[in-house]
Amino acid sequence: MAEPNLVLGWFAAFVGAIGFGSFAVPIKGDAATKVDIDPLVMQSYKSLMCFLTSWLVVLLGQQVTFTWWGVVSGLFWVPGGAFNIFAIRNAGLAISQGIVASSIVMVSFIWGNIIFKEPAKSQVMAYLAVWLIMGGLYGMSYYSASDWVDNTDHDHAATRSDHDDYDFEEDEQDAFLNDGSTSTASYENEPSPSNPLANSLEISPDSPGREKQATPGSGAIVVCGKTFQRRNLGLISALLCGTWGGSCLVPMHYSKGDTGGLGYVISFGTGALLVTIWMWIFRFLYMIAKLKSIREGYAVLPPFHFKVMWLPGATAGTLWSLGNVGSIVAVQQLGQGVGYPASQAALLVAGLWGIFYYREVTRPREVTRWFMSAFVTIFGILLLGYESSSTGGPGR
């Protein structure tokens, strides 16, 4: 195995953080909110762009190689990506990404340090670095959500009396007479057979062209006969994304020959596209079994809204693909326990988008605390990189 290039590895981790930290911006955009995009639809745009852009590595002189381990990676990434989109739209961007990033750091470190036995100068300091990264990520998530929590608490108090006097029976009758559609705000984000994963974002009237997160947990979802609040399911989805999707690059360690590093990108993109198609087939078959009709099963599948979503979807997919290539090279050069956690500095990038573009955090005290948490995260990443052995490539 060739000697790892630490400079290339850390640069790749930086590129990965930029891509992973920016891909959610189109998901949070006006277009996705307007059409109430389904998570699997948005994930399909990401998977398609991941496949198409994967072939660009040929322009870098990389030979076309394929390994079925890429499909295994797709089995981790595609469901994890859909969970992530659901979490963003139902639990909120800040807290969900904090959970995702923190759990990915822990899962990657377990794979790298415990399973693959990637060496470290000091196990104690390496574990301390991981906890610093997780603590910093949680702090960034918490303080970027504080303004939003206060606003939603105020919204609850302001609208509670209106809901007490609301005639739900009359509204349900109107919805039925209008083929299930209604303009009543209380029902805009409720699940339906055709869109059970409706979003939880709404346009902010005092911030034209940008949106704020609506109250998570407003409305419930029935799963296997049990009722769950949207926010709770969103938080669970974020945890599933981190723990399940955080292993998406582990199969690369088992690939042979020239199928690692950039040689793994095409395999990953192909696997992602195949798994996405399988998920649509499974969803279609599930709806047929549930409704006992092929026509009705097809009719309730969510639309792609191509005219509206092609650009945001392509942008999100391209940015994620950029992050994916960076993380793959980072893992190849730095190891699973360092490369993938380093790319989770993406939360720093996502937080900067939230603070300076979406203006999610406006109070100077919270902004200061957010940057302090970011400093802890960066320090943890640097400490983890220092404690990792300079000769420890993946699997060593």
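Reader: How many residues does helix α14 have, and what span does it reach from its first C-alpha to its last?

Author: In this predicted model, α14 covers residues 346–357, which is 12 residues, and it reaches 16 Å from first C-alpha to last. That is close to the 16 Å expected at 1.5 Å a residue.

Reader: Which residues of α14 are buried?

Author: First the general idea: an α-helix has 3.6 residues a turn, so residues three or four places apart point the same way. In α14, the buried residues are Ala346, Leu347, Val349, Ala350, Gly351, Gly354 and Ile355. Just after the helix, Arg359 takes a positive phi of about 55°.

Reader: How many disulfides does the model have?

Author: A disulfide is a covalent bond between the sulfur atoms of two cysteines. The cut-off used here is a sulfur pair within 2.5 Å, and by this rule the count is 0.

Reader: Which cysteine has the sulfur closest to that of Cys241?

Author: Again Cys248, at 9.0 Å, which is too far for a bond. Cys241 is buried too, with a relative accessible area of 7%.

Reader: What percentage of the residues in the protein is buried?

Author: Of the 396 residues, 53% are buried. The protein exposes about 18800 Å², and carbon and sulfur atoms supply 66% of that area. Its secondary structure consists of 15 helices and 4 strands.

Definitions and conventions
Residues numbered from 1 in each chain as written. Predicted model: local features only at pLDDT ≥ 70, side-chain atom pairs only at ≥ 80, totals over all residues. Heavy atoms only, no water. Helix = DSSP H or I, 4+ residues; strand = E, 2+ residues; numbered from the N terminus. Buried < 20%, exposed > 50% of the residue type's maximum accessible area, 1.4 Å probe, protein only. Areas by Shrake-Rupley, 256 points an atom, 1.4 Å probe, with all protein chains shown as cover. Expected span 1.5 Å × (residues − 1).
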